Amino acid sequence: MAAEAHTHVDDPEVAASKRLWVEMRTPEGVVFSGKARSVTIPGAKGSMGVLPRHAPLMSSLTTGVTKIRDADDQVHSFITGVGFVEVYRNQVLVLVDFADDPAVIDVARAQAARDRAKARLLHPGEEVDVARAEARADAGAAGGRVRRRHVRIRPVVEVEERGLCTFEQ
């Protein structure tokens with residue numbers, strides 16, 4: 001775990017095993033950092049929950065919904081990409097490709113971009129960049145983001161199709 005994450009062991013609630021210290025990071029920076037009661041993450045072999053006093057753990061993560069129940073009992077949900085999690089001494093470090101707030105995802109636009117990319121893959125012409133179309137079919141592109149101009153299509157559709165979360169259009 002990153003050296004600065006270990007400084008939170010000095011927090012009385014974390015040290016007394018009453019709370020977790022959770023950090024979720026993407027290549028763009030820290031998405032969440034703070035005390036939490038629990039974390040639910042999409043592990044490669046299925047969803048897993050982390051509570052205080054959890055055994056040390058390192059695992060790969062898959063695309064899905066990550067939920068953090070903070071110290072005030074408020075749930076923070078994110079659509080997250082692939083990555084890794086480390087749990088050690090009541091500290092949870094989540095490293096993912098991306099973490100998007102489901103409330104700001106334009107589902108209709110993301111699905112339309114996915115459909116266009118799939119159509120290009122089904123009928124590739126000379127001017128179609130197959131690698132780019134495959135990437136867009138997996139991730140998609142849509143506007144409406146403040147920090148980024150991308151919305152990941154596959155995670156949104158997968159999460160909704162699995163019934164993990166529904167998005168209003």
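Over residues 1–7 of this predicted model, pLDDT stays under 50, and the model has 13 contacts beyond four places in sequence for that stretch. Residues 135–153 likewise have a pLDDT that stays under 50, and there the model has 48 contacts beyond four places in sequence. The chain as a whole averages a pLDDT of 75, with 63% of the residues scoring at least 70. Among the elements of the chain, confidence is lowest in helix 3 (residues 130–138), where the mean is 51, and highest in strand 8 (residues 91–96), where it reaches 96.

| Salt bridge | Closest N and O atoms |
|---|---|
| R25 with E23 | 2.5 Å |
| R37 with D73 | 3.6 Å |
| D73 with R69 | 3.5 Å |

In the salt bridge between R25 and E23, both residues are buried. The salt bridge between R37 and D73 joins strand 2 (residues 29–43), which holds R37, to the loop between strand 5 (64–70) and strand 6 (75–80), which holds D73, so the pair ties together parts that are 36 residues apart in sequence. Because its relative accessible area is 32%, R37 counts as partly exposed, and D73, at 42% relative accessibility, is partly exposed as well. D73 also forms a salt bridge with R69, a residue that is partly exposed with a relative accessible area of 33%.

Technical notes
Residues are numbered from 1 along each chain as its sequence is written. This is a predicted model: local features need pLDDT of at least 70, side-chain atom pairs count only at pLDDT 80 or more; totals for chains, interfaces and linings use all residues. Side-chain values use heavy atoms; hydrogens and water are left out. pLDDT is the predictor's confidence in each residue, from 0 to 100. Helices (H or I, at least four residues) and strands (E, at least two) are DSSP runs, numbered from the N terminus. Contact means heavy atoms within 4.5 Å. A salt bridge is a side-chain nitrogen of Lys or Arg within 4 Å of a carboxyl oxygen of Asp or Glu. Buried means under 20% relative accessible area, exposed over 50%, partly exposed in between (1.4 Å probe, protein chains only).
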